[in-house]
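Subject: Structure handover

Hi there,

Here is the structure I promised to pass on. Have a look at it first, and my notes follow below.

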Amino acid sequence: MTSLEPPRSPGQRLRDTLDRLRDDEDAWVATASSDGTPCLVPLSFVWHGDALVMATRRTNPTAVNVTPTGAVRVTLGPTRDVVLIEGEAEIVEGTALPTAIGDAFAAKLTWDPRKDSRWVYLRITPYTVRAWREVNELADRDLMLSGAWLAQPSSSADRSALPS
């Protein structure tokens with residue numbers, strides 16, 4: 001039996017989560033069709049302001065599934081270092097995407113689908129963010145509930161990285 005590392009403080013978990021949102025490139029995105037058929041796909045993303053931004057073809061099930069309700073779940077990281085985000089997705093046409101967001105997406109991912117009408121962006125605004133590594137972090141895994149951050153970073157530099 002392996003021994004667990006001590007649980008991270010909520011502030012440390014928030015810093016780790018913000019680092020993952022800034023540095024990771026890919027996430028698993030879960031949606032469901034109107035008849036409840038689940039769909040799970042990997043998509044690349046950029047964290048911009050207070051939202052995840054991803055691109056997919058407009059005819060893919062992920063884009064079709066978010067249209068009626070906007071409900072989406074996103075996970076980052078391996079199974080022993082999970083960030084689970086529940087949020088609301090909206091479809092944004094490439095021509096309607098603010099330039100700063102499109103430029104950030106293209107710079108991070110070295111790919112720019114803005115001019116290809118087959119692609120749309122998903123702008124996902126989180127309302128719940130949870131992060132945990134092991135069972136000893138389950139009790140304090142909530143970092144955001146109802147769209148409000150619960151944990152606050154300890155340093156002013158970390159506070160400036162916190163999305164509004």
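Which residues are buried in H1? They are Gly11, Arg13, Leu14, Arg15, Thr17, Leu18, Arg20 and Leu21. Here, buried means under 20% relative accessible area, exposed means over 50%, and partly exposed lies in between, with a 1.4 Å probe and protein chains only.

Before going further, a word on the source: this is a predicted model, where local features need pLDDT of at least 70 and side-chain atom pairs count only at pLDDT 80 or more, while totals for chains, interfaces and linings use all residues. Residues are numbered from 1 along each chain as its sequence is written, and side-chain values use heavy atoms, leaving out hydrogens and water.

Helices (H or I, at least four residues) and strands (E, at least two) are DSSP runs, numbered from the N terminus. The 14 residues of H1 should span 20 Å at 1.5 Å a residue, and the end C-alpha atoms of H1 are 20 Å apart, which agrees. The expected span is 1.5 Å times one less than the number of residues.

Now the interior. A nonpolar core is a set of buried Ala, Val, Leu, Ile, Met, Phe, Trp, Tyr and Cys residues joined through side-chain atoms within 4.5 Å. The largest one has 25 residues, and Leu21, Leu52, Met54, Val74 and Ile124 have the most contacts inside it. Among the elements that each supply at least two residues of this core are H1 (10-23), S4 (71-76) and S6 (119-132). S6 gives the largest share, 4 residues. Apart from this core lies another, of 10 residues, including Val53, Val92, Leu97 and Phe105.

Neighbours within four places in sequence aside, Val74 is in contact (heavy atoms within 4.5 Å) with Ala27, Trp28, Val29, Leu52, Met54, Val83, Leu84, Ile85 and Ile124.

On to the strands, which pair if DSSP finds at least two bridges between them. S6 and S7 pair in the antiparallel sense over 2 bridges, with Asp142 of S7 as the bridge partner of Arg130. S7 and S8 are also antiparallel, over 2 bridges, and Trp149 in S8 is the bridge partner of Met144. These two strands form a hairpin with 2 residues between them.

Thr110 is exposed, with a relative accessible area of 73%.

Best wishes
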